[in-house]
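Welcome! Open your viewer, get ready to select residues, and let us walk through some charged pairs together.

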Amino acid sequence: SIVEAGPTPDADQAQWFTDPRLAAELVHLADDLYASFDEWRPNLRVLEPSAGSGNLVRAILNAAPITTLVRAVEIDPRWHGTLEALPRTEVSIVDYLTRPAPLHPYNLGVTNPPYDGGEEGPHIAKMLDECERILALLPARSLHGDARHKTIWHRFDARRPERDWYLRQKVHCVLRPKFGEAGGKDEVVLLDMSREPGGCEARWL
């Protein structure tokens, strides 16, 4: 069963870490991308903007090619040593929202951002400008509301000729993942988002 993954989450920072099983489910949404990075295209660049204790980073390193390079960004310095110990991982201890954009977009962004107070909105909006594809674990409420549509989902809207992002996969969790001792209070969805045009497949986990 899916249970809380982090040993000491900091609720004040909306810090609830991703269970390893759920992390694996999320990163495997991009198996087609990993397969495209062969000896002719070896350097898969991945961003994890709220890395915490590194469970999503580990899942990426397990699933992606051996040449994958991960940029792990984390605001909490307590996790610096844990993240630094991971192979093929460059660590930045900084607030992702204040970090300058990269010179070139990441091939993939993977995230379980902080949710409290709608914090996931600015994280996803910034990632849309910095990545070519995004795998995100989000509360279902993140898909709703005028403010979120104006900052995020308008870029996916098929009614807009300037649309530049596409929702490719949407996975609903039948049971709420447990991110804390009191259990989960959010309905969670796993999203696969891409700049490459395509339809959306929905399924249940």
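Start by selecting R133: does R133 count as buried or exposed? R133 counts as buried, at 10% relative accessibility; here buried means under 20% relative accessible area, exposed over 50%, and partly exposed in between, using a 1.4 Å probe and protein chains only.

Before going on, note that this is a predicted model, where local features need pLDDT of at least 70, side-chain atom pairs count only at pLDDT 80 or more, and totals for chains, interfaces and linings use all residues. Residues are numbered from 1 along each chain as its sequence is written, and side-chain values use heavy atoms, leaving out hydrogens and water.

D32 sits in helix α2 (residues 31–36) and R133 in strand β5 (residues 133–139), so the pair ties together parts 101 residues apart in sequence. Helices (H or I, at least four residues) and strands (E, at least two) are DSSP runs, numbered from the N terminus.

Next, select R160 and E162. Their closest N and O atoms are 2.9 Å apart, in another salt bridge. R160 is partly exposed at 23%, and E162 is partly exposed at 47%.

Finally, select D164 and R195, a salt bridge with its closest N and O atoms 3.9 Å apart.

Definitions and conventions: Salt bridge = Lys/Arg side-chain N within 4 Å of Asp/Glu carboxyl O.
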